[in-house]
Amino acid sequence: MNYDLLVNEADAFVSKYMRKHDNQKLLFHNFAQTQNILLVASEIAAYYSLNEKDLFIVKATGWFLYAGYYKDFLLPEETGSNMAEEFFKSSGLENDTIGSIKKCILATKPGAAPETLSEEIICDANSFYFGTENFSGYNKLRRKEYGLLNKMEVNKNEWTRNTIQMLEAHKYYTDYCESRLNTAKQKNLDKLRIKNPLLSLTANPIGSILNDKNGIKEVGDLSMEKNKERKINSAERTVETMFRTTSTNSQRLSSQADTKAHIMISVNTIIISLMLGLRLFAQPSKLTIPVVMLLIVNLVTIIFSVLATRPNIANRKFSESDFEQNKVNLLFFGNFFSMNFDSYTSAMLHLMEDKQSLHITMLRNLYEQGAVLAKKYKLLKISYNVFMYGLVLSVISFFIASSFL
């Protein structure tokens, strides 16, 4: 049996099927994640040096693992196993091998337990992301996908509670994944617990979501929840308005400061140009001191005006711990321009998931805008004071010098 040829045929069939039945709601269980699972499964299989047949079973399972979501997302494992059976029977594959592929797919169902090494590899490849740095991003995609497929709004706290329970109950079956991913998985679990210390770990979030959806709650409870939701939404809108107004005011003040600085630069540059053109200091005279004094005033004024508008970007590198501890303002380009896109995306997804961290970052952004404004206006004040007092002294010196002509 040419297993490589069968894998290529399965690749072509599933790829074509997913493209033909493309579902934009499948944000997680899609072709891209199918490819990720195949890469991880192949990596684990290589570690255990599987024989040709078992390696084929793992790869064939990887291709059909998420295919069922494109046909019936309510019973994806059963649907995917049936699709695999139908495809490989037409290819002349032995019944026992087809049965092994089906068992591998069904082993990934919630509550199921793998019995063979091939099934363990597939289960670990399916949950490999639990122990990665991008777990929060993947989990967010899963939550959005669940809401889109079921046409409902999934409560974030309920989903987080469910995620905590899932991670607590989860275990990696292969030594390869257990040794490499358990530590990172525990960190991801600890992050969820720290950010959500009040969430109960015993409730059934999916059940409560479905009960809400089916209208099982009493009318009084629904009324209280609606009032509570209105208050929460109103408070959130107030906070959003506050951030938007404050940020807009800061931008307006910054623009005004730049305009004032440009005016001072232009006026003093014109005065210097006129004095250089008239060559008032070309020959020693009684006007030499007033002319030099005025030139110095103009020059100092221009210097402070330029300092007020000069861009200043700190070339500082931030570590992962800085992002995790929310010590970095990801809303300011000067803090993330040196990051690669994947790191920036991961950090932003993590930030958007946590409302408190997002608010802290927005507050830090407003504070840093205010600090920059304070420095800009301080320099601008010095520039205006130098020009005002210097111009007065220069004019007085001109009158004094002229009286001795």
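Tutor: Contact here means heavy atoms within 4.5 Å. Helices are DSSP runs of H or I with at least four residues, strands are E runs of at least two, and both are numbered from the N terminus. By class, the contact of α3 with α6 has 4 nonpolar, 3 polar and 1 charged residues. Ala, Val, Leu, Ile, Met, Phe, Trp, Tyr, Cys and Pro count as nonpolar, Asp, Glu, Lys and Arg as charged, and the others, Gly among them, as polar.

Student: Before we go on, what kind of model and numbering is this?

Tutor: It's a predicted model: local features need pLDDT of at least 70 and side-chain atom pairs count only at pLDDT 80 or more, while totals for chains, interfaces and linings use all residues. Residues are numbered from 1 along each chain as its sequence is written, and side-chain values use heavy atoms, with hydrogens and water left out.

Student: How many helices and strands does the protein have?

Tutor: The secondary structure comes to 16 helices and 0 strands. Of the contacts with a separation of 6 or more, 75% join residues 24 or more positions apart.

Student: How do I describe a helix pair?

Tutor: Two packed helices are described by the angle between their axes and the distance between the axes. The axes are lines fitted to C-alpha atoms, for helices over the stretch in contact, and the angles run from 0 to 180 degrees between N-to-C directions. For α3 and α6, the axes come within 10 Å and cross at roughly 35°. This crossing is right-handed. The rule is that a crossing is left-handed if the near helix is turned anticlockwise from the far one by less than a right angle, and right-handed if clockwise.

Student: At what angle do α3 and α5 pack?

Tutor: Helix α3 (residues 52-64) and helix α5 (residues 95-106) pack at about 50°, with their axes 9 Å apart. That makes α3 oblique to α5. On this scale, angles under 35 degrees are roughly parallel, over 145 roughly antiparallel, 65 to 115 roughly perpendicular, and the rest oblique. Here too, α3 passes α5 in a right-handed crossing. On the α3 side the contact includes Phe56, Ile57, Ala60 and Phe64, and on the α5 side it includes Ser100, Ile101, Cys104 and Ile105. The class count for this contact is 7 nonpolar, 3 polar and 2 charged residues.

Student: Which class does the α7 and α8 angle fall in, and why?

Tutor: The angle is about 125°, with the axes 11 Å apart, and that makes α7 oblique to α8. Phe135, Asn139, Arg142, Arg143 and Tyr146 in α7 meet Lys156, Trp159, Thr163, Met166 and Leu167 in α8. Those residues divide into 5 nonpolar, 2 polar and 3 charged.

Student: And how do I read a core?

Tutor: A nonpolar core is a set of buried Ala, Val, Leu, Ile, Met, Phe, Trp, Tyr and Cys residues joined through side-chain atoms within 4.5 Å. Buried means under 20% relative accessible area, exposed over 50%, and partly exposed in between (1.4 Å probe, protein chains only). In this protein, buried residues make up 38% of the 405 residues. The largest core has 52 residues, and those with the most contacts inside it are Phe56, Phe64, Phe88, Leu93 and Ile101. Helix α1 (residues 3-20) gives the most to this core, with 7 residues. Have a look at Phe64: beyond four places in sequence, the residues it touches include Ala10, Phe13, Met83, Phe88 and Ile105. There's also a second, separate core of 6 residues, with Ile272, Met275, Leu294 and Leu295 among them.

Student: How far apart in space are Glu133 and Ala347?

Tutor: They are 9.8 Å apart, C-alpha to C-alpha, and 214 residues apart in sequence. Glu133 lies in the loop between α6 (117-126) and α7 (135-150).
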